[in-house]
Amino acid sequence: MQRSWLQTGPQLWLRDVGKQVEVKTGKDEEHRGWLLTVDPVSSSMVLVTFREVGAVVHVVMGHAVEEVKVLQEADPETTERLRIFLAPPTSPHLDQEDLKLRRKGVCRWLEKNRVPVVEEGDQLRVAEVLTLSAPYGPEDCCSSNQIILDRIQRLIRVRPVDPEADPGPTGGSRG
């Protein structure tokens with residue numbers, strides 16, 4: 001008797017990442033696509049189907065999965081498309097002077113909002129529990145404290161831009 005998807009466990013689920021799969025979820029329900037990832041907690045699967053322009057993403061809830069069948073391995077081109085599919089967008093290139101101005105601007109904004117911040121080289125250390133790296137946007141925050149992470153990210157998102165003082169949250173040139 002074949003073991004169900006849920007019983008096989010994360011180590012076996014992950015071996016199929018990057019492969020084209022067919023997922024049976026019900027009597028006559030099947031989903032096909034390239035397996036992008038599997039959530040180890042919920043066992044939900046993220047399938048991607050590439051189109052000529054763009055792609056379609058389908059999440060299959062883990063509790064509904066009855067059977068997974070590998071259809072084919074990915075060729076190098078598909079492997080690369082999957083790798084960059086969810087990669088964060090690249091930020092505009094900023095020179096060292098722009099980064100320094102942005103770091104100073106974010107630092108001043110945090111201090112103005114009474115958030116303890118210290119410069120440590122090219123990084124900002126916030127409240128001794130969060131690190132902010134270049135280019136100093138909300139997505140550049142790193143902390144294991146989810147509450148502080150969320151609050152600092154929100155604070156950085158609403159930071160006003162002084163075009164004379166720094167390149168601002170989205171980049172650009174100094175005026």
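The questions and answers below go through a predicted model of one protein chain.

Reader: How many helices and how many strands does the protein chain have?
Author: In this predicted model, the elements run from the N terminus as α-α-β-β-β-β-β-α-α-β-β-β-β-α. Of the 175 residues of the chain, 37% count as buried. The elements of the protein chain come to five helices and nine strands.

Reader: In what order do the five strands of the open sheet stand?
Author: The edge strands are β4 and β5, the latter made of residues 67–72, and each of these pairs on one side only. Strand β2, residues 30–38, pairs with strand β3, residues 45–50, in the antiparallel sense over four bridges. The sheet as a whole is open, its pairing is antiparallel, and its order is β4-β3-β2-β1-β5.

Reader: Which residue in β3 is the bridge partner of Leu35?
Author: Strands β2 and β3 pair over four bridges, and β2 covers residues 30–38 while β3 covers residues 45–50. The bridge partner of Leu35 in β3 is Leu47.

Reader: Which helix packs on the sheet, touching β2, β3 and β4?
Author: The direction of this helix makes about 120 degrees with that of β3. The helix is made of residues 76–85 and packs on the sheet, where it touches β2, β3 and β4. Its name is α3.

Reader: How far apart are the closest N and O atoms of Arg83 and Glu80?
Author: Arg83 and Glu80 are three residues apart in helix α3, so about one helical turn separates them. Arg83 is exposed, with a relative accessible area of 56%, whereas Glu80 counts as partly exposed at 37%. The two form a salt bridge, and their closest N and O atoms are apart by 2.6 Å.

Reader: How many residues apart in sequence are the parts that Lys104 and Glu119 tie together?
Author: The side chains of Lys104 and Glu119 meet in a salt bridge at 3.0 Å, N to O. Because Lys104 lies in helix α4, residues 96–112, and Glu119 in strand β6, residues 117–120, the pair ties together parts whose separation in sequence, in residues, is 15.

Reader: Is Asp16, which meets Arg15 in a salt bridge, buried or exposed?
Author: The side chains of Arg15 and Asp16 meet at 3.8 Å, N to O, and salt bridges that share partners join Arg15, Asp16, Lys19 and Glu73 into one network. Arg15 is exposed, with a relative accessible area of 52%. Asp16 has a relative accessible area of 8%, and since buried means under 20%, Asp16 is buried.

Reader: What is the relative accessible area of Tyr136?
Author: Tyr136 lies in the loop between β8 and β9, and although it is not a glycine, Tyr136 has a positive phi of about 70 degrees. Glu128 also has a positive phi, of about 60 degrees, and is exposed at 69% relative accessible area. Tyr136, by contrast, is buried, with a relative accessible area of 3%.

Reader: How much area does the nonpolar surface patch made by Val57, Val59 and Met61 have?
Author: Val57 is found in strand β4, residues 55–60. Val57 is partly exposed, with a relative accessible area of 45%. Together with Val59 and Met61, Val57 makes a nonpolar surface patch of about 260 Å².

Conventions. Residues numbered from 1 in each chain as written. Predicted model: local features only at pLDDT ≥ 70, side-chain atom pairs only at ≥ 80, totals over all residues. Heavy atoms only, no water. Patch = residues over 30% accessible without salt bridge, like charges linked within 9 Å, V, L, I, M, F, W, Y side chains within 5 Å. Areas by Shrake-Rupley, 256 points an atom, 1.4 Å probe, with all protein chains shown as cover. Salt bridge = Lys/Arg side-chain N within 4 Å of Asp/Glu carboxyl O. Helix = DSSP H or I, 4+ residues; strand = E, 2+ residues; numbered from the N terminus. Buried < 20%, exposed > 50% of the residue type's maximum accessible area, 1.4 Å probe, protein only. Pairing = 2+ DSSP bridges. Contact = heavy atoms within 4.5 Å. Axes fitted to C-alpha atoms, helices over the stretch in contact; angles between N-to-C directions.
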